[in-house]
Amino acid sequence: AYLGAPESFSTKLKLSRIQLAPLLRALKPGSEPQISGTLTSADIDLSGQPGPDLKRTLRGRAALAVKDAELKGFNLAAKVLQAVRDLPVLAGPLYAAVPENERNSLAANRTDITSLSASFSAADGSLRTQDLTAETPLFRLRAQGSIGLDAALNLNAQIAFRPGFSAALAGKVKELKYMFNPQGEFELQL
C-alpha cells in the first residue's frame, strides 16, 4: 500500500547479448520461458509511477533486437495456414494444400525466429509499434499497432512466405500465384 502519492521513476537502460531464457527465469522463478534466444540489443527509456498506476502512467520508448529465438508451443506459420479458409479457390483450410514434402517445417510445436526487431512507444497502458519485423526460415512477418500492458493485441500484420514454400503452395493451388508479391512470396494480411 502507498501512503500518499507514490514517487515517480525514470530509467534508461542499454542491454546487449543477453540470453532470454535465463533472464525470464530470473524474472519469474518457477516458470518455464516460452521464448529463448539472444537479446542482441535493447535501448529503453521509460518513466512512470510504480504501483497500481504503473500501466496508466508508463511513458517512454524502447527498441529491441533478438536473434536465433524459439517461440515454444506455437507454430505461427501452421496456425496461419490452418486459419485461412475464406479463399474462393479452397474447399477447406489452406494448410490442406501444403505439399507433403513441405509439412515438416509446419509440424514442430514451435516457431524458429532468425531475427526479430521492433521499436515501441509506451503510453496509455500500451506499447505502440510501427516496425515490428520477424524473420524465420519460412516467412517474414511485419506488424504495426499496439500491445496492451494487459496482453491485449491490436496489430495489423502481413506475413510473406518464402519464395520456395510459396511456389510449392502454388503448385497445389495454382490461383495462389495471383497473391504473390513482386519477390515471389505468397503474402497475406492478418
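Predicted model: local features only at pLDDT ≥ 70, side-chain atom pairs only at ≥ 80, totals over all residues.
Author: Residues are numbered from 1 along each chain as its sequence is written, and side-chain values use heavy atoms, with hydrogens and water left out.

Reader: Why is the contact between D43 and K14 called a salt bridge?

Author: A salt bridge is a side-chain nitrogen of Lys or Arg within 4 Å of a carboxyl oxygen of Asp or Glu. The closest N and O atoms of D43 and K14 are 3.3 Å apart, so the pair meets the definition. Ten salt bridges are found in a search of the whole structure.

Reader: What makes D43 and K14 a link between distant parts of the chain?

Author: D43 is in strand β2 (residues 35-48) and K14 in strand β1 (residues 9-19), 29 residues apart. Strands (E, at least two residues) and helices (H or I, at least four) are DSSP runs, numbered from the N terminus.

Reader: Why is K14 called exposed, and why is D43 called partly exposed?

Author: Buried means under 20% relative accessible area, exposed over 50%, and partly exposed in between, with a 1.4 Å probe and protein chains only. K14 has 69% relative accessibility, so K14 counts as exposed. D43 has 23%, so D43 is partly exposed.

Reader: How do you know that D43 also forms a salt bridge with R61?

Author: Their side chains meet at 3.8 Å, N to O, so this pair is also within the cut-off. R61 lies in strand β3 (residues 59-72), 18 residues from D43. R61 is partly exposed, with a relative accessible area of 40%. K14, D43 and R61 are linked in a network of salt bridges.

Reader: What makes the pair R162 and E135 a salt bridge, and which parts does the pair tie together?

Author: The N to O distance between their side chains is 2.7 Å, so the pair qualifies. R162 lies in the loop between β7 (153-161) and α5 (163-172), and E135 in strand β5 (residues 126-135), so the pair ties together parts 27 residues apart in sequence. R162 has a relative accessible area of 22%, so R162 is partly exposed. E135, at 22%, also counts as partly exposed.

Reader: Which value of phi does R17 have, and where is R17 found?

Author: Phi of R17 is near 50°, a positive value in a residue other than glycine. R17 is found in strand β1, and R17 counts as exposed because its relative accessibility is 69%.

Reader: What is phi of A151, and is A151 buried or exposed?

Author: Phi of A151 is near 80°, again positive in a residue other than glycine. A151 is in the loop between β6 (139-148) and β7. Its relative accessible area is 60%, so A151 is exposed.
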